[in-house]
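Got a new structure open and wondering where to look? Let's walk through it together, one question at a time.

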Amino acid sequence: MTDYSEEDVRAMELALGEAERSLCWGDVPIGAVVTRGDEVLARAGNQRERLHDPTAHAELLAIRRASAILKSWRLEGCTLTVTLEPCAMCAGAAVLARLDRLVFGAKDPKAGFAGSLGDLTRDPRLNHRLEVTPGVLEERCAELLRAFFRERRAETS
């Protein structure tokens, strides 16, 4: 039994597509999608290398695009779907954007802040909390990252 829906799987498929696209410019393959119901508002892949911007994480780019489309910084009623558990910066942005839900694929024990290393998304001290659904297409998301880092290590050895 899973705790996620067909919509979650469809959104994760789109996020995986964005992650794969980010490989074209040498970025770590992480993708994100913001949806509202069945509507896809925004999608993005990591662009730190492409934009030379340490904040150009897939999550932030997708949140910015969704906010521009809705003409509001409040993304109430929206879900952020991302292939890797968000870092502290991205988890904080999800809270500040007032997203309803966070769906992610692979856990990130080294930097994840939606349950692994810490949890900004559900911290009761904050004025907003998200519903979090981990593990959607987890193995596919994790394998994309493992393959990227395997290849990177092979290039440097």
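Here come some questions and answers about this predicted model.

Q: What kind of model is this, and from what pLDDT do side-chain atom pairs count?
A: Residues are numbered from 1 along each chain as its sequence is written, and side-chain values use heavy atoms, with hydrogens and water left out. It's a predicted model in which local features need pLDDT of at least 70, totals for chains, interfaces and linings use all residues, and side-chain atom pairs count only at pLDDT 80 or more.

Q: How do the axes of helix H1 and helix H5 sit, roughly parallel or roughly antiparallel?
A: Helices here are DSSP runs of H or I with at least four residues, strands are E runs of at least two, and both are numbered from the N terminus. Axes are lines fitted to C-alpha atoms, for helices over the stretch in contact, with angles from 0 to 180 degrees between N-to-C directions. The axes of H1 (residues 6–22) and H5 (residues 138–156) come within 11 Å and cross at roughly 5°. Angles under 35 degrees count as roughly parallel, over 145 as roughly antiparallel, 65 to 115 as roughly perpendicular and the rest as oblique, so H1 and H5 are roughly parallel.

Q: Which residues of H5 make the contact with H1, and how do the residues of the contact divide?
A: Contact means heavy atoms within 4.5 Å. On the H1 side, the contact is made by Met12, Glu13, Leu16, Ala19 and Glu20, and on the H5 side by Arg140, Cys141 and Leu144. Ala, Val, Leu, Ile, Met, Phe, Trp, Tyr, Cys and Pro count as nonpolar, Asp, Glu, Lys and Arg as charged, and the others, Gly among them, as polar. By that scheme, the contact residues come out as five nonpolar, no polar and three charged.

Q: Which residues does Thr81 contact, leaving aside its neighbours within four places in sequence?
A: Thr81 sits in strand S3 (residues 79–84). At 1% relative accessibility, Thr81 is buried. Its partners beyond those neighbours are Asp8, Ala11, Met12, Ala15, Gly31, Ala32, Val33 and Val103.

Q: What do the buried residues of H4 pack against?
A: Those buried residues are Cys90, Ala91, Gly92, Ala93, Ala94 and Val95. Take Ala91, which has 0% relative accessibility and touches Pro86, Phe113, Leu120 and Thr121 once neighbours within four places in sequence are set aside. As a group, the buried residues of H4 pack against H3 and S3.

Q: How far apart are the C-alpha atoms of Ala91 and Asp119?
A: Ala91 lies in helix H4 (residues 88–96). Along the chain, Ala91 and Asp119 are 28 residues apart, yet their C-alpha atoms are separated by 8.0 Å.

Q: What kind of aromatic pair do Phe148 and Phe149 form?
A: Rings of Phe, Tyr and Trp (its six-membered ring) pair if their centres lie within 6.5 Å; planes under 30 degrees apart count as stacked, over 60 as edge-to-face and the rest as tilted. The count comes to one aromatic pair. Phe148 is buried at 11% relative accessible area, while Phe149 is partly exposed at 35%. With ring centres 4.9 Å apart and planes at 80°, the pair is edge-to-face.

Q: Which residue lies over the face of Trp25?
A: A charge sits over a ring if NZ of Lys or CZ of Arg is within 6 Å of the ring centre and within 35 degrees of the ring normal. At 3.9 Å from the ring centre of Trp25, the residue over its face is Arg50.

Q: What is the phi of His52, and where does His52 lie?
A: Most residues other than glycine have a negative phi. His52 is exposed, at 70% relative accessibility, in the loop between helix H2 (48–51) and helix H3 (58–70). Its phi is positive, near 55°.

How values were computed
Buried means under 20% relative accessible area, exposed over 50%, partly exposed in between (1.4 Å probe, protein chains only).
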